Amino acid sequence: KEEREKPKILDDVSFDGLINHIKSKDVTKIITMAGAGISTSAGIPDFRSPGSGLYDNLQKYELPHPQAIFELDFFFDNPKPFFVLAKELYPGSFKPTPCHYFIRLLAEKGKLLRHYTQNIDTLERVAGIPDEKLVEAHGTFHTGHCVLCRKEYTQNWIKEKIFNDEIPICTACPGIVKPDIVFFGENLPDKFHHCIQKDFKQCDLLIILGSSLVVQPFASLVDRVPHTCPRLLINREKVGQTSGIMSMFGFGGGLEFDNPDNSRDIAWLGDCDEGCILLAEKLGFGEELKKLISEE
Ligand code: CNA
């Protein structure tokens with residue numbers, strides 16, 4: 001008969017129990033996975049928060065459905081809404097949050113294996129998280145390419161067009177120049193595929209920050225860490241759980257806060273900044289984080 005009993009990972013399955021685990025084990029291969037929720041306190045709306053999220057506020061673009069703004073077919077047909085939105089969200093107008101600086105401190109302390117972000121706001125770069133520690137899974141505004149001939153353009157070239165309310169058109173052909181952010185149905189960057197192969201199997205703590213964990217393949221990265229790796233969610237709502245009968249029997253992946261035999265998944269529900277400041281305090285670098293936030 002197959003033995004299905006799971007090993008006990010945390011003696012005390014709570015936030016404080018996890019802190020004790022981090023302090024007592026040599027946890028140095030932390031992966032952080034983030035979504036739009038880490039940037040809302042900077043003033044950038046997320047997609048799905050009711051009322052304030054972008055999807056609730058896209059009526060002015062007269063889209064067939066909210067996701068259309070990031071769909072290639074719609075973009076080729078009518079690129080204007082995307083560029084109007086890009087102007088509103090353009091990097092340069094926003095400052096990183098305490099949560100971004102927490103991640104930078106993890107890197108400086110040699111505890112961060114990698115930060116995977118779904119965000120396209122480049123606030124990780126602004127916060128000083130080193131390029132080699134960063135995977136921008138959904139691309140970035142940093143560069144752009146002509147959708148026809150693939151000629152590359154700099155952020156500054158594209159920005160000037162966008163801020164003059166012009167659609168950026170390639171100088172070599174009639175193609176539109178699209179910032180290198182990943183639209184629905186497009187491939188994720190090579191760096192993403194390359195890094196996930198080697199990172200997740202060595203991860204000793206996964207921290208998920210400010211994501212609804214609904215966009216694939218990003219969401220299922222939570223299943224790539226070893227079964228012995230604790231997973232901490234810091235988010236306003238509990239997300240990432242597989243629902244239904246499958247999850248009751250431990251199948252189907254996802255986070256397992258509510259499974260009776262869970263001994264590794266912790267949900268800390270609240271704001272990312274608050275959660276990260278608390279985590280830093282408990283781990284003994286709260287003052288350093290506050291200093292960094294006030295200086296930047
Ligand atoms: P989402 O689906 O909008 O989910 C955001 C999640 O964060 C929700 O569960 C919220 O409850 C939670 N949340 C919001 N604010 C906070 C906060 N201050 N503290 C804690 N939790 C909070 O966003 P996802 O990132 O999960 O969805 C993936 C999309 C969103 C990616 O493709 C991104 O490119 C895209 N996006 C990015 C940005 C950005 O770059 N800042 C902005 C909007 C959307």
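A salt bridge is a side-chain nitrogen of Lys or Arg within 4 Å of a carboxyl oxygen of Asp or Glu. The structure above is a predicted model, in which local features need pLDDT of at least 70, side-chain atom pairs count only at pLDDT 80 or more, and totals for chains, interfaces and linings use all residues. Residues are numbered from 1 along each chain as its sequence is written, and side-chain values use heavy atoms, with hydrogens and water left out.

**Exercise 1. Salt bridges and their surroundings**

*Solution.* 

Step 1. Begin with the overall count: the rule gives 16 salt bridges.

Step 2. For accessibility, buried means under 20% relative accessible area, exposed over 50%, and partly exposed in between (1.4 Å probe, protein chains only). Arginine 125 is partly exposed because its relative accessibility is 28%, and aspartate 131, at 44%, is partly exposed too.

Step 3. Helices (H or I, at least four residues) and strands (E, at least two) are DSSP runs, numbered from the N terminus. Both residues belong to helix H10 (residues 286-295), where they sit four residues apart, about one turn of the helix. Glutamate 295 is exposed at 52%, and lysine 291 is exposed at 51%.

Step 4. Now look for shared partners: salt bridges link Arg125, Asp131, Glu136 and Lys191 into one network.

**Exercise 2. The two sides of helix H6**

Which residues of helix H6 (residues 155-163) are buried, and which exposed residues does the face turned away from them carry?

*Solution.* 

Step 1. Gln155, Ile158 and Ile162 are the buried residues here.

Step 2. These residues lie on the same side of H6 because they cover an arc of only 70 degrees around the axis, the arc being that of the directions from the helix axis to the C-beta atoms. An α-helix has 3.6 residues a turn, so residues three or four places apart point the same way.

Step 3. Turn to the other face of H6, and you will find the exposed residues Asn156 and Glu160.

Step 4. The buried residues of H6 pack against helix H3 (80-89), E4, strand E5 (152-154) and E6; contact means heavy atoms within 4.5 Å.

Step 5. After H6 comes aspartate 165, with a positive phi near 60 degrees.

**Exercise 3. Proline 79**

Where does proline 79 lie, and which residues is it in contact with beyond its neighbours within four places in sequence?

*Solution.* 

Step 1. Proline 79 is in the loop between helix H2 (72-77) and H3.

Step 2. With 14% relative accessibility, proline 79 counts as buried.

Step 3. Setting aside neighbours within four places in sequence, proline 79 is in contact with Ile167 and Ile176. Lysine 178 is 99 residues away from proline 79 in sequence, yet the two are 9.2 Å apart, C-alpha to C-alpha.

**Exercise 4. Pockets and a cavity**

Describe the volume and lining of the second largest pocket and of the largest cavity.

*Solution.* 

Step 1. On a 1 Å grid over the protein atoms alone, a cavity is a set of points where a 1.4 Å probe fits but cannot get out; a pocket is an open set with protein on both sides within 12 Å along at least five of seven lines; lining residues have an atom within 4 Å of a point. Grid points are joined across faces, edges and corners, and a volume is the space filled by probe spheres set on the points.

Step 2. The second largest pocket has a volume of about 420 Å³. Of its 19 lining residues, the closest to the centre are Gly139, Thr140, Asp180, Val182 and Pro189. Its lining has six nonpolar, four polar and nine charged residues, where Ala, Val, Leu, Ile, Met, Phe, Trp, Tyr, Cys and Pro count as nonpolar, Asp, Glu, Lys and Arg as charged, and the others, Gly among them, as polar.

Step 3. The largest cavity holds about 30 Å³ of space. Its lining has eight nonpolar, no polar and no charged residues, and H3 gives the largest share, four residues.
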